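Student: I have a new model open on my screen and would like to learn how to read it. Could you walk me through it?

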Amino acid sequence: MTPLTIVCRYSVRVSPQMANRIVDSARSILNKFIPDIYIYTDHMKGVNSGKSPGFGLSLVAETTNGTFLSAELASNPQGQGAAVLPEDLGQNCAKLLLEEIYRGGCVDSTNQSLALLLMTLGQQDVSKVLLGPLSPYTIEFLRHLKSFFQIMFKVETKPGGEELKGGDKVLMTCVGIGFSNLSKTLK
């Protein structure tokens with residue numbers, strides 16, 4: 001991993017001290033693995049901040065080969081669910097990022113379905129992507145792709161070993177349908 005760039009801790013219509021509490025708690029987890037972590041904060045107040053108070057954290061890590069893995073958590077809206085402490089949110093989000101790093105692959109678990117959709121709609125040629133373990137959402141999304149586009153993916157399991165660190169990987173392969181925009185004018 002390259003130096004961990006942590007993007008955007010945000011707070012809206014709450015004390016700016018909430019941001020510092022989130023940053024400190026996320027750092028307490030992440031500094032055990034890599035010392036050079038950069039966390040940027042953004043606090044909004046007044047008319048520009050909207051009507052809903054809250055705070056959240058978006059973490060992004062870049063691997064040495066240029067892959068970006070991310071994790072994000074936000075506080076619950078007021079009156080909906082249990083209140084979340086800033087320290088808990090920071091620690092939980094840092095743990096989610098570490099889990100994404102362990103899972104590995106070229107795409108984090110949140111965006112697996114997007115990569116598969118782009119492969120499906122792509123040129124009528126073979127496309128491949130190496131993913132971490134498939135999320136339940138991605139598995140259901142594959143079922144939708146099969147029913148909407150009649151496309152099947154070849155799924156190869158690659159056990160995590162010396163070459164592929166972290167959890168088991170899945171190599172997804174398909175031939176795209178060659179979708180093109182019919183409204184696009186030709187020159």
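Predicted model: local features only at pLDDT ≥ 70, side-chain atom pairs only at ≥ 80, totals over all residues.

Student: Where do I start? How many helices and strands does the protein have?

Tutor: Begin by counting the elements, then follow their order. Here there are four helices and seven strands. Starting at the N terminus, they run β-α-β-β-β-α-α-β-α-β-β. The C-alpha trace spans about 55 × 45 × 35 Å along its principal axes.

Student: What share of the contacts joins residues 24 or more positions apart?

Tutor: Of the contacts with a separation of 6 or more, 71% are between residues 24 or more positions apart.

Student: And the interior? What percentage of the residues is buried?

Tutor: Buried here takes a cut-off of under 20% relative accessible area. By that count, 36% of the 187 residues are buried.

Student: Which residues have the most contacts inside the largest nonpolar core?

Tutor: They are Phe55, Leu57, Leu59 and Ala94, in a core of 19 residues. Helix 1 (17-30), strand 2 (37-44), strand 3 (54-62) and helix 2 (86-103) each supply at least two of its residues. Helix 1 gives the most, with six. There is also a second, separate core of 14 residues, with Met119, Val129, Leu131 and Phe153 among them.

Student: Last, the surface and the charges. How many side chains are positive and how many negative?

Tutor: The protein has 18 positive and 16 negative side chains, and the centres of these two sets lie 6 Å apart. As for the accessible surface, it comes to about 11600 Å², with 56% belonging to carbon and sulfur atoms.

Note on methods. Residues numbered from 1 in each chain as written. Heavy atoms only, no water. Buried < 20%, exposed > 50% of the residue type's maximum accessible area, 1.4 Å probe, protein only. Contact = heavy atoms within 4.5 Å. Areas by Shrake-Rupley, 256 points an atom, 1.4 Å probe, with all protein chains shown as cover. Lys, Arg positive; Asp, Glu negative; His and termini not counted. Charge placed at Lys NZ, Arg CZ, Asp CG, Glu CD. Core = buried A, V, L, I, M, F, W, Y, C linked by side-chain atoms within 4.5 Å.
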